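Take a look at the sequence and the model before reading on.

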Amino acid sequence: MATEAQIYDALSTVYDTCSLFNGTNLNIVEMGLVQEGSTIRVRLLLTDPMCLYQFEMRAQIIEALTALPAVDAVHVEPIAGELWWPERMTHDARARLERVRLARRKRLGIPAPLGSAIQGNRGDR
């Protein structure tokens with residue numbers, strides 16, 4: 001059976017499709033979208049309950065995990081009734097998101113909001 005590290009390595013190759021479109025390129029592990037399970041049952045927390053790309057991410061998760069040794073089946077189930085928040089993201093993923101947002105704001109000539117992490121005031125982050 002695959003180790004937990006192998007499973008998470010495989011899952012880190014699956015990117016949140018919306019993050020690909022917005023240029024942050026965040027994978028589902030670093031965004032905190034994956035909750036642990038057993039017998040490779042992936043409980044996937046979506047950034048939006050109506051995510052149009054959940055089926056694409058599901059297919060990529062199954063492909064990544066079935067490529068591991070001794071994995072017979074992968075079950076991916078979206079989690080209903082639980083909301084995703086940016087605080088679930090890894091520190092590096094949040095920093096990358098902030099850099100992309102800052103670049104976008106600069107390009108559009110929009111100042112960063114007062115007290116935002118973009119301005120350097122990290123507060124409790």
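How many disulfides does the count come to? The count is zero. This is a predicted model.

**The cysteines**

A disulfide is a covalent bond between the sulfur atoms of two cysteines. The cut-off for such a pair is 2.5 Å. For the sulfur of Cys18, the closest cysteine sulfur belongs to Cys51 and lies 5.2 Å away, so the two are too far apart for a bond. Cys51 is likewise in no disulfide, and its nearest cysteine sulfur is that of Cys18.

Are these cysteines buried or exposed? Cys18 is partly exposed, because its relative accessibility is 34%. Cys51 is buried, because its value is 8%.

| Residue | Relative accessibility | Class |
|---|---|---|
| Cys18 | 34% | partly exposed |
| Cys51 | 8% | buried |
| Asn25 | 37% | partly exposed |

**A positive phi**

Most residues other than glycine have a negative phi. Asn25 has a positive phi, near 50°. Where is Asn25 found? Asn25 sits in the loop between helix 2 (17-22) and strand 1 (34-35). Its relative accessibility is 37%, so Asn25 counts as partly exposed.

Helix 1 spans residues 4-11. Its buried residues include Ile7, Ala10 and Leu11. These three lie on the same side of helix 1, because they cover an arc of only 100° around the axis. Which exposed residues does the face turned away from the buried side carry? That face carries Ala5 and Asp9.

Technical notes. Residues numbered from 1 in each chain as written. Predicted model: local features only at pLDDT ≥ 70, side-chain atom pairs only at ≥ 80, totals over all residues. Heavy atoms only, no water. Buried < 20%, exposed > 50% of the residue type's maximum accessible area, 1.4 Å probe, protein only. Helix = DSSP H or I, 4+ residues; strand = E, 2+ residues; numbered from the N terminus. Arc of directions from axis to C-beta.
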